[in-house]
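Here are my notes on the fold, for when you have the model open. I start with the sheet and then go through the helices.

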Amino acid sequence: MLRSVFRCLRNNPVAGQRSMSQSSLAGKVAIVTASTDGIGLAAAQALGKRGAHVVVSSRQQAKVDKAVALLKSQSIQVIGTTCNVGKKDDREKLVQMALDQCGGIDILVSNAAVNPFFGNMMDVSEEVWDKIMATNVKSALLMTKLVVPHMAKRGGGNVVFVSSVAGYQPMPGLGPYSVSKTALLGLTRALAPELAQDNIRVNCVAPGIIKTRFSSALWDNEDIMDGFTRLMSIKRVGEPEEIGGVIAFLCSDEASYITGETITATGGMGCRL
Ligand code: NAP
């Protein structure tokens, strides 16, 4: 098997070089929000393994320290800081750190989200609604506004939002969260044509049920999981790495003709808006 791969590369060296260079993110600087655990950490890992210098962040310093140590142990170039995406000063600090210590910004993965509410839409308070929208939607736009001028200076870049299967089909009890994830599908489409003029692509990934702390109430409950498994073609929960790879692909030159798009990675759960 290996021998035939080497023979193919020897006969067609350009094909080998092209696939290596198109997936490579060497020299790129990537900010990933909420990246000390789960999907964000897996995205940082996937980007870092392809050569990007990654800037990780989340609210808790101890988690930032742990994530930085883990990624360094995997020979990934990484720095980190605390950043609650809902706070203006924190967002600015994160961007400034990337500029000061990495020299610019090429990639933003906007991954942070909260879901403090379970119940009927009609029962959500204004305060909780505002919190969900501020963290899940507004911060995604405000982070994008902060990084775009710096990407433009470097001749282009990539923005990836992390939505959800719930953005297509609201999950029972998770109405406000689901609506916030639908908004990211719209944000992706609204920004893509505007930012194309600066050679910045804007895409989105909509994961299904992925094994992280955030979704443990779903995959830890056999009855709930039975219901979801029936909707899946691939009859298992996804792993964070299976989303990290999609995000890295969207940021690479392999996706150079893709913008304004959302890739669903749901094990085959139907997604339609
Ligand atoms: P996770 O494993 O629980 O990780 C959440 C991360 O977010 C942690 O690093 C946490 O660290 C950080 N965080 C939380 N609030 C933050 C804030 N306000 N500002 C900055 N960082 C914050 O969660 P996950 O499942 O990977 O979720 C990541 C994204 O995937 C979310 O957008 C979620 O909606 C989406 N998603 C998840 C699933 C799933 O099944 N897991 C499915 C679809 C979509 P700190 O506590 O230190 O802040």
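1. Two strands count as paired if DSSP finds at least two bridges between them; helices (H or I, at least four residues) and strands (E, at least two) are DSSP runs, numbered from the N terminus. On that basis, seven strands make an open sheet with parallel pairing, in the order E3-E2-E1-E4-E5-E6-E7. Strand E3 (78-82) and E7 sit at the edges with a single partner strand each, so one side of each has no neighbour in the sheet. From one strand to the next the twist averages 15°.

2. A word on the ground rules. This is a predicted model, where local features need pLDDT of at least 70 and side-chain atom pairs count only at pLDDT 80 or more, while totals for chains, interfaces and linings use all residues. Residues are numbered from 1 along each chain as its sequence is written, and side-chain values use heavy atoms, leaving out hydrogens and water.

3. In the sheet, E1 (residues 29-32) runs parallel to E4, joined by three bridges. Ala30 stands opposite Ile107 in E4. Helix H3 packs on the sheet, touching E1, strand E2 (53-58), E4 and E6, and its direction makes about 175° with that of E1. Helix H4 (residues 61-73) also packs on the sheet, touching E2 and E3, at about 175° to the direction of E3. Contact here means heavy atoms within 4.5 Å; angles run from 0 to 180 degrees between N-to-C directions, with axes fitted to C-alpha atoms, for helices over the stretch in contact.

4. Have a look at H10. Its buried residues (under 20% relative accessible area, 1.4 Å probe, protein chains only) are Ile243, Gly244, Val246, Ile247, Ala248, Leu250 and Cys251. They pack against H3, strand E4 (107-110), strand E5 (157-162), strand E6 (200-207) and strand E7 (262-265).

5. Helix H3 (residues 38-49) and helix H10 (residues 241-251) pack at about 50°, axes 8 Å apart. That makes H3 oblique to H10; angles under 35 degrees count as roughly parallel, over 145 as roughly antiparallel, 65 to 115 as roughly perpendicular and the rest as oblique.

6. Now H6 (residues 126-153) and H7 (residues 175-196): they pack at about 20° with axes 9 Å apart. So H6 is roughly parallel to H7. Among the residues in contact are Trp129 and Met133 of H6 and Tyr177 and Leu184 of H7.

7. Lastly, Ala134 lies in helix H6. Ala134 and Gly86 are 48 residues apart in sequence but 6.4 Å apart in space, C-alpha to C-alpha.

Note on methods. Buried < 20%, exposed > 50% of the residue type's maximum accessible area, 1.4 Å probe, protein only.
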